[in-house]
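Please follow this walk through the structure, which begins with one residue in its element, passes to a second residue, and then turns to the chain as a whole.

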Amino acid sequence: GSHDTPRIRSLLAGDRERVRLAIAILLTYVGAPCIYYGDEVGLGEVDSFEARQCMAWEQAAWDAGLRSYCQSLIRLRRTSPVLIEGGFQVLSVEENVLAYLRDTDDAQMIVVGNRGPGVRPAGPLPVAHGGIPDGMEFRELFSGQCATVVNGCLPLPAVPAGVQIWCSS
């Protein structure tokens with residue numbers, strides 16, 4: 001984001017889960033992330049010039065849940081070797097769904113994002129081509145749900161609009 005572009009919340013018509021998805025991809029993808037001030041608290045806009053509005057310092061006007069979500073992902077970005085120096089590989093591209101791997105020799109993280117209007121049904125996500133062996137266990141960052149790689153696939157639960165981040169145990 002910048003003062004020359006509409007805010008992410010406006011681009012996504014206020015869709016909270018897709019805003020969270022965009023932020024999760026920004027903070028788990030390779031490169032140096034940058035969040036335009038106010039996007040972390042859901043600052044919105046009425047027209048293109050409103051992207052230049054001053055920061056709303058009244059915390060009552062903030063989306064506290066979004067801010068907390070951003071803080072947790074920023075903390076993860078700053079402390080996870082996988083995100084600091086890890087590799088990157090696309091695992092799967094489906095209609096409206098992208099899954100990618102961030103990894104080091106000691107840890108793996110799988111990010112599964114769904115931008116679509118529907119739910120990606122529960123089912124296997126192929127991971128063997130990412131060097132992930134059968135028997136490896138993963139825990140989803142937000143739900144705490146666990147899954148184990150079987151026959152080269154991570155059995156994913158349904159993925160609604162938004163993101164799931166799976167970390168190796």
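Thr-28 lies in helix H2, which covers residues 16-28, where helices (H or I, at least four residues) and strands (E, at least two) are DSSP runs numbered from the N terminus. This is a predicted model, in which local features need pLDDT of at least 70 and side-chain atom pairs count only at pLDDT 80 or more, while totals for chains, interfaces and linings use all residues. Residues are numbered from 1 along each chain as its sequence is written, and side-chain values use heavy atoms, with hydrogens and water left out.

With a relative accessible area of 1%, Thr-28 is buried (under 20% relative accessible area, with a 1.4 Å probe and protein chains only). Not counting residues up to four places away in sequence, Thr-28 touches, among others, Leu-83, Tyr-100, Met-109 and Ile-165, a contact being heavy atoms within 4.5 Å.

Asn-114 is found in strand E3, residues 108-114, and it too counts as buried, at 2% relative accessibility. Asn-114 and Thr-28 are 86 residues apart in sequence, yet their C-alpha atoms are 15 Å apart in space. Leaving aside neighbours within four places in sequence, the contacts of Asn-114 include Leu-21, Asn-96, Val-119 and Pro-160.

As for the whole chain, four helices and eight strands are present, and buried residues make up 41% of its 169 residues. Of the contacts with a separation of 6 or more, 59% come from residues 24 or more positions apart. Along its principal axes, the C-alpha trace spans about 50 × 35 × 25 Å.

Notes
Buried < 20%, exposed > 50% of the residue type's maximum accessible area, 1.4 Å probe, protein only.
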